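Welcome, and please take a moment to look over the model below.

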Amino acid sequence: YSVLCEHAIDLGWLKMNPAKGVKMTALGEGWEPWPQGALDAYRAHAAGDARLIFELCYWTGQRIGDVLKMRWDAILSDGGVEGITLRQGKAGRSGKRADVLWIPILPGLRAVLDATPKTGLTIIAQKNSKPLSYRQASYAVQVAREASGTLDYVLHGLRANAASELYEVGCTDPQVQSITGHKSAVMARKYGRGARQKTLAKAAMEKRGGS
């Protein structure tokens, strides 16, 4: 119920989540990352806003609501490394000050940005320069998911892809959290649970084999 209320807030239907603060009985399995086949299928069928939204979510590990607010002038370099600055929206709705994240831009995302015309202040913008609304973005992605046969996967699952891939290359909990913005290591591990388990298992067996 709380998740549905959060979604309603993103759509502008609610101003507050009445279930906020209610203790959950269990975390559940969480969001499923997109397998490579689904990623390839979506990319083969999606174009325009649907493709841009998808790539920004995939490469930054952020929610669609935060991706829609990303601005061109928030792309800055630090020590020769290019990155994009954003303020996550979910924390602000809970009454706490939202954290500001700076996320390095990898070559894959840079290629996407280079191919994107600058029609407004936000990276994802309409032809009239206004930001794309959450409803418009959701519809564009839904159409692409239907066309590509990827309805079994949701856009939020790309946060799990980001966490999983970071754990796969050996990132620590704090390093993963610095990208995804998760407040706790427990949530970061939940999103990257499969990859993290494999990484730890490989390290464990390497030690066992050498003993």
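The report below starts with the overall fold and then turns to local features.

## Overall fold

Please keep in mind that this is a predicted model. The secondary structure is made up of eleven helices and three strands. Followed along the sequence, these elements give the pattern α-α-α-α-β-β-α-β-α-α-α-α-α-α.

The protein has 211 residues, and 39% of them count as buried. Its accessible surface is about 12,200 Å², with 58% belonging to carbon and sulfur atoms. If we take the contacts between residues at least 6 apart in sequence, 57% of these join residues at least 24 apart.

Let us turn to helix 6, which spans residues 107–114. Its buried residues are L109, V112 and L113. Seen down the helix axis, these buried residues fall within an arc of 100°, so they line one face of helix 6. In general, an α-helix has 3.6 residues a turn, so residues three or four places apart point the same way.

What do the buried residues of helix 6 pack against? Their partners are helix 3 (48–60) and strand 1 (75–78). On the face turned away from the buried side, helix 6 carries the exposed residues P107 and D114.

## A nonpolar patch on the surface

On the surface, L76, V81 and W102 form a nonpolar patch. Together they have about 250 Å² of accessible area.

One of these residues, W102, sits in strand 3, which covers residues 100–104. W102 counts as partly exposed because its relative accessibility is 30%, and the partly exposed class lies between under 20% for buried and over 50% for exposed.

Note on methods: Residues are numbered from 1 along each chain as its sequence is written. This is a predicted model: local features need pLDDT of at least 70, side-chain atom pairs count only at pLDDT 80 or more; totals for chains, interfaces and linings use all residues. Side-chain values use heavy atoms; hydrogens and water are left out. Patches are made of residues with over 30% relative accessible area and no salt bridge: like charges are joined within 9 Å, nonpolar side chains (Val, Leu, Ile, Met, Phe, Trp, Tyr) within 5 Å. Accessible areas come from the Shrake-Rupley method with a 1.4 Å probe; for residues, only the protein chains shown count as cover. A salt bridge is a side-chain nitrogen of Lys or Arg within 4 Å of a carboxyl oxygen of Asp or Glu. Helices (H or I, at least four residues) and strands (E, at least two) are DSSP runs, numbered from the N terminus. Buried means under 20% relative accessible area, exposed over 50%, partly exposed in between (1.4 Å probe, protein chains only). Contact means heavy atoms within 4.5 Å. The arc is that of the directions from the helix axis to the C-beta atoms.
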